[in-house]
Amino acid sequence: MLATLLTALILTAPPTPIAATPAQVLAAVKDAKAKAVVVNIWATWCIPCREEFPDLLKLRQAYRDRGVALLLVSGDFGSERQQVVDFLAEQGVDFPTYLKSGDDMQFIDAFDPAWSGTLPATFIYDGAGRRRASLFGKSSYTQFEAKVLEVLKGD
């Protein structure tokens, strides 16, 4: 019985975020083999990030079968990993996520030099890994969906 309970906990626990540099996240965008990839950079302490999070998960659910992937990158410090894991568990995230590793300016420059670094930030890529849209600040499901549909129509 204890083994069954432990197995159930392991299977339902959210994956531990993988520490990743900007280059590693951008490699994951290309490796996603998706028609569109939504990269959201967020943090547990960021209220607008937490508010838009359900819309991102809803988008993933609605468009996963149409070739849309969601990559979540926490901007929290490594020392805050447990808060990240707890938040992901609360949200029901059951897919791999990332934890920012490296210099903030490297992330900013890698994703969009026009980005001030303010969170949340969302970047939408096409299947070839080209950035097609950048959304700075809290966005809504409707905004995410419109940008994703633009990418899907372009394929």
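In strand 6, Phe136 is the bridge partner of Ala121. The model is predicted.

**Strand 5 and its partners**
- Strand 5 and strand 6 (residues 131–136) run antiparallel, joined by five bridges.
- The two strands form a hairpin with four residues between them.
- Gly129 sits in that turn and has a positive phi of about 85°.
- Strand 5 also pairs with strand 2 (residues 36–42), again in the antiparallel sense, over six bridges.
- Val38 has Ile124 in strand 5 as its bridge partner.

**Burial of strand 5**
- Six of the six residues of strand 5 (residues 121–126) are buried, so the strand is largely enclosed by the rest of the structure.
- Both faces are covered.
- One side carries Ala121, Phe123 and Tyr125, all buried.

**Disulfide**
- The structure holds one disulfide.
- Cys46 and Cys49 form it, with their sulfur atoms 2.3 Å apart.
- The torsion about the S-S bond of Cys46 and Cys49 is about 80°, so the disulfide is right-handed.
- Both Cys46 and Cys49 are buried.

**Asp65**
- Asp65 lies in the loop between helix 3 (47–63) and strand 3 (68–74).
- Its relative accessible area is 78%, so Asp65 is exposed.
- Asp65 and Leu88 are 23 residues apart along the chain, and their C-alpha atoms are separated by 22 Å.

Definitions and conventions: Residues numbered from 1 in each chain as written. Predicted model: local features only at pLDDT ≥ 70, side-chain atom pairs only at ≥ 80, totals over all residues. Heavy atoms only, no water. Disulfide = S-S within 2.5 Å. Buried < 20%, exposed > 50% of the residue type's maximum accessible area, 1.4 Å probe, protein only. Pairing = 2+ DSSP bridges.
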